[in-house]
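The structure comes first, then the details.

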Amino acid sequence: MHTPLFRSTTLLLSLALAAALPASAAGPSPFTPMLDSTVEHHHLPGIAMAVVDNGQVVFTGTRGERRAGSGEPIDADTLFKIASNSKAMTAAVLARLVDRGLLAWDDPVTKYLPQFRMHDPWVTQHMQVRDLLIHNSGLGLGAGDLMLWPEPNVFTRADIIAGLEHLKPVTSFRSGYAYDNLMYVVAGEVAAAAGGKPYDQLLREEVFIPLGMARCQAGTWSVAKVGNVAQPHAQRGSGNVVVNADTEIAPDLTSMAAGGIRCSLRDMTRWMQVLLDPTRVPGWLSEPQRRALWTAHMPMPLGERQRRWDNAHFSAYGYGWRLSDMDGQWKVAHTGTLSGMYSSLALLPDRKVGVVILINGKGEDARTVLMQAALKHYTAPEQRQTVAGYTEQLQAERTQRRTTTHALPDTTARKPAGVAATAQWQGLYRDPWLGRVRLCPENNTLRFSVDRSPTLRGTVMQLDSRWLVQWDTLGADAEPWLQVEPGTPPTLRLSAIDPDIDFSYDYQDLHFTRIGHCP
């Protein structure tokens, strides 16, 4: 329950920020055509964008609807899922606890979570709090993400911690970078243990309240009472349709510390302003901890496009942030990706410039080209291209990739797998961390379903001599091959059909062993 003092403080901060956000541009803004072109070329249901220059808000723009066809417009207070931009807020919570002496970056994780176990006992013993934030665990890209997504599922944070022991590393500890979400879930639990409060409460007390981010939500909250919430969309034909719509109550997401926070454009603008200028909220974070967040703790691969577009020379991960250079200027940034929701935030700290983009539809390319055009306005205006120009380059890259090493196989000749012909493989199977699955007949079809992840249910299809799973609600881009390996007992393997599948579908980390017969 909020105290009257908190309500008054939050109201004053919100009113101050409202005054800082221009209701309309004082004159033609270079960002308006960028935003409009992005909407036009990428057919988005809704988008919100803000630009901070020298600490001041110089542009805000919103387009589209919270729910396609509803007539409910996006505005500066509409809540979006910020996805992995949540990671920087988790890092900030930990930094605040470090400032208060409640933990240290080099403390072992087991000091706060005695039940924490990695596959290698030595790694368990030596994993420090700082390691949870910089993607150096030795696990593969997105390992274990199927315990988090797709949502909803019934995996708990305790399940995440218990499942880590069964995820085999692909490299040695601290030897390289591989993006990981599960460690941020663990980081949230470390914060809760050190702070003596649930993570969502800490997040409100350490970040949302002191920074005046009055609309941000985490934990369990009432969608109906809060209101003005953007819904995720998928493209269907030439239009957008709502997918995974909110119910009246938003649940306490297991993924919260890694990617489960929601904020408005107004909140994210405030977040940028305080990060760029600590004098706005004096004492919120000490200078040593501010430096720690933006220190290059783990080298990252530097992509060819990043070299070409940004003239970049280095790339690294801080605590919840990606660090690089862009046309000779320091860049601090992150993106966020969930099904039907995309975000992007980038800062040029030395210039006190920040850009944030929130999208409630399929927006990976849209956020990429819009952010690039917006930042080039500051880093190299003579080199900037139009949104359409950047879009054409992305499409050319994708076409080239598809025609070389990333060709997508044709699965259109699929047909339902025969129930009788597959009788010897049917049964109940179990993976050590994902749990029990069923490969069982249902209404004259062979069905595959994961007990603890209701969205991972589909019909087994046959394509020549191979099987694949056609999910009931997920798109074709998430479909896996299904392979049964004979043995006593038999085992199941899944592998991605699409070479460019989202890494969170970590099918390669699964190994199912038959444990019983179909009921």
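Which residue lies over the face of Tyr-184? Lys-87 does, at 5.5 Å from the ring centre. Here, a charge sits over a ring if NZ of Lys or CZ of Arg is within 6 Å of the ring centre and within 35 degrees of the ring normal. Arg-305 is placed over the face of Trp-309, at 5.4 Å from the ring centre.

The model is predicted: local features need pLDDT of at least 70, side-chain atom pairs count only at pLDDT 80 or more, and totals for chains, interfaces and linings use all residues. Residues are numbered from 1 along each chain as its sequence is written, and side-chain values use heavy atoms, with hydrogens and water left out.

**Aromatic pairs**

The whole structure holds 13 aromatic pairs. Rings of Phe, Tyr and Trp (its six-membered ring) pair if their centres lie within 6.5 Å; planes under 30 degrees apart count as stacked, over 60 as edge-to-face and the rest as tilted. Two of the pairs are tabulated here.

| Pair | Centre to centre | Angle between planes | Class |
|---|---|---|---|
| Tyr-177 and Tyr-317 | 6.1 Å | 35° | tilted |
| Trp-294 and Trp-330 | 5.6 Å | 85° | edge-to-face |

Take the tyrosines. Tyr-177 sits in the loop between α5 (157–163) and α6, and Tyr-317 in strand β10 (residues 315–317), so the pair ties together parts that are 140 residues apart in sequence. Helices (H or I, at least four residues) and strands (E, at least two) are DSSP runs, numbered from the N terminus. Tyr-317 is buried, at 0% relative accessible area. Tyr-177 is partly exposed, at 22%. Buried means under 20% relative accessible area, exposed over 50%, and partly exposed in between (1.4 Å probe, protein chains only).

The tryptophans also link distant parts of the chain. Trp-294 is in the loop between α11 (287–293) and β9 (298–299), and Trp-330 is in strand β12, 36 residues apart. Trp-294 counts as buried, with a relative accessibility of 14%. Trp-330 is partly exposed, with 29%.

Elsewhere, ring pairs join Phe-31, Phe-59 and Tyr-378 into a cluster.

**Cavities**

How many cavities of 30 Å³ or more does a search of the whole structure find? It finds two. On a 1 Å grid over the protein atoms alone, a cavity is a set of points where a 1.4 Å probe fits but cannot get out; lining residues have an atom within 4 Å of a point. Grid points are joined across faces, edges and corners, and a volume is the space filled by probe spheres set on the points.

The largest cavity has a volume of about 40 Å³. Its lining includes Lys-81, Trp-149, Glu-151 and Arg-262. By class, that lining has three nonpolar, three polar and three charged residues. Ala, Val, Leu, Ile, Met, Phe, Trp, Tyr, Cys and Pro count as nonpolar, Asp, Glu, Lys and Arg as charged, and the others, Gly among them, as polar.

The second largest cavity has a volume of about 30 Å³. Among its lining residues are Arg-157, Val-185, Glu-189 and Tyr-199. Two or more lining residues come from each of α6 (182–195) and α9 (256–259). The largest share, three residues, is from α6. Four lining residues are nonpolar, two polar and two charged.

**Backbone geometry**

Most residues other than glycine have a negative phi, and most peptide bonds are trans. The peptide bond from Trp-149 to Pro-150 is cis, with omega near 0°. Pro-150 is in the loop between α4 (121–126) and α5. The bond from Thr-488 to Pro-489 is cis too, with omega near 0°. Pro-489 belongs to the loop between β21 (480–485) and β22 (491–496).

Asn-54 has a positive phi, near 55°. This residue lies in the loop between β1 (46–53) and β2 (56–64) and is exposed, at 54% relative accessible area. Asp-327 has a phi near 55°. Asp-327 sits in the loop between β11 (322–326) and β12 and counts as buried, at 16%.

**A buried glycine**

Gly-340 is in the loop between β12 (329–338) and β13 (341–348). Its relative accessible area is 8%, so Gly-340 is buried. Beyond its neighbours within four places in sequence, Gly-340 is in contact (heavy atoms within 4.5 Å) with Pro-232, His-233, Ile-359, Asn-360 and Gly-361. Gln-235 is 105 residues away from Gly-340 in sequence, yet 8.9 Å away in space, C-alpha to C-alpha.

Note on methods. 1 Å grid on protein atoms, 1.4 Å probe; cavity = no way out; pocket = protein on both sides within 12 Å on 5 of 7 lines; lining within 4 Å.
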